[in-house]
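Dear colleague,

Please find below the structure for your review.

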Amino acid sequence: MPDPTDSTTEAQPLKGEEAAQGSPHPGGKEDSCWSRLGLSRLSNWRTASFFLSLFLCLIVVFAFSFIIPCPVRPVYLRTWNHTFPLAATYDFLAITDANSDKVLDVLFVIKAPEGSLNISCVNQSLPTPCVFMSAVAGTNGETLWERPLAPEFHWAQCGLEGLGTVGAGCLLSHANQLTAVNHQSGEILWQLAHPPTFTSKLPVLSVPDLDNDGVSDLVLIGPGQAETRLVILSGKTGAQIGSEVVVDSDEASTHRLYTTAKGSHYVLLQKDSGVYAKALWKMAAQAKAGSEKSLKKDQGWEKKSSPESGEVLLYKSDSVQHVLRIAHGKKTSDLVVVTQGSVEAVKGDSLQSLWRTNISRLLSEPSLGHFNKDGTPDVVIEEDIGNGTKRVVILDGSTGGVLWEVNMWPRPNTPRPSAINTISSFSVFVLWGEMPSETNSSNSASEERFSYMLNPQYPNVLLEKSNIIDHIIAFKATLLERGRHACYIMLMGPQGEGLQGTVVLSKRKLKEDVPESRVLRLGVSPDEESDAEIKEAFDRLRFSKEV
């Protein structure tokens, strides 16, 4: 008779094995139950962890979607106009972020009995009409703030570091006062009587901290009695630091701050006999002993200074008209000196001539832009070549060679050339004048003024835009936001600064002119693109603050 055990083993081999081996422990059945219970608890913990993680993820998503608001991009108007009847205005435009929305706004000055925010001169106990400094939003032209001040207006400069404690602001000269204004709120930071012994003039120089209060200070330079004088003011309070200093026995026509490669600050003085430089540390020591301790000295430039006057001769000529600075990175720069007959670049450190180009009579102050992609700014000049014709020429900033030129008729009351940089290492140039044609005349009395856009990718093409506009007091081509929204700002009014009439401040996006412009061909290229392709190339441009 077969063994029952064998049958069981044959039918259920695993069970037979367990029976043959027996239980490993006396309490095997209980251990098996506890093991199953542990696995069950572990599974519950895993499920709870999963749902907890899911819950936390949903909370984060909910917070970012609803509780934490997404940044809202400003809504732009492509064009806007701000009109001020019965007002006067001046050649002053400043572009800065006045409302902290990361979009640049426009600051300007008018003279009127009342501002656009219903602030009157009478209510502010000021003579009427008075001076209003105003800020309008770059996005839509709405007035952000305005500050009434005593007339008359002389000059204003913005972007000065360390005014008060706000980081940067504007300084105005008006009546017999100097007033520092917060560019974001219009609040007066400090106000004092203008130093009486001389008349300061632009530019105001923002210099390193000289009175150890942690804020940059200001240098005012202007004519005294047949001499050039200097005053140092605290950027924080406006208080005068030390005494006035006689900078030079001659009167300087203009001045600027120049920093050498070694970080030493010099004041460049343009005089009848040429361009000279004087170390800031020397003048600070004259004003107040010890205030020069924070300033660096450049031994190379010190060796070039005159033992008698302490000045460094940069360029000797009796016909200097303009001095420009060409930057090479953040530390080094060269100088471009424009005289009645030449444009010459001078090496910033060695003061050696780099190149020289002959020109005829200048019609406007030169400007800078990038025509080629070598990283060095190029020089744009307008010169009178006779017969009612001007020549617009772009000179290579590295060699002085002619990169591009065109002849056109000058038109009265048109801005000088300007440029806006692109991300492609070149600039778009904006020119004003009128191109000759068979249908127009150089003696045209038309109120039309023509602006032209030049894209260096198409050097034989200009986009021509006809404009019927009032007298232009100030013009500025710029970007209102980092890397985008290239536009130009125009301040128009009566024919002359300070004259009463209708004042109009307008903004127009640069690309708005493209569809309305005429493609003007200066020559024939082998692979000539159609007008639509050229306009599309302008529309594809992306702009940048720097190249």
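**Disulfides and cavities**

The structure holds 2 disulfides, a disulfide being a pair of cysteine sulfur atoms within 2.5 Å. Please note that this is a predicted model, in which local features need pLDDT of at least 70 and side-chain atom pairs count only at pLDDT 80 or more, while totals for chains, interfaces and linings use all residues. Residues are numbered from 1 along each chain as its sequence is written, and side-chain values use heavy atoms, with hydrogens and water left out.

Cys158 belongs to strand E6 (residues 153-161) and Cys170 to strand E7 (residues 168-174), so the pair ties together parts that are 12 residues apart in sequence; strands are DSSP runs of at least two residues, numbered from the N terminus. Cys170 is buried, at 0% relative accessible area.

Cys57 is partly exposed, at 47% relative accessibility, whereas Cys487 is buried, at 0%.

Residues lining the largest cavity include Val430, Tyr452 and Asp513; a cavity is a set of points on a 1 Å grid over the protein atoms alone where a 1.4 Å probe fits but cannot get out, and lining residues have an atom within 4 Å of a point. Strand E29 gives the most to this lining, with 3 residues.

Kind regards

Technical notes
1 Å grid on protein atoms, 1.4 Å probe; cavity = no way out; pocket = protein on both sides within 12 Å on 5 of 7 lines; lining within 4 Å. Helix = DSSP H or I, 4+ residues; strand = E, 2+ residues; numbered from the N terminus. Buried < 20%, exposed > 50% of the residue type's maximum accessible area, 1.4 Å probe, protein only.
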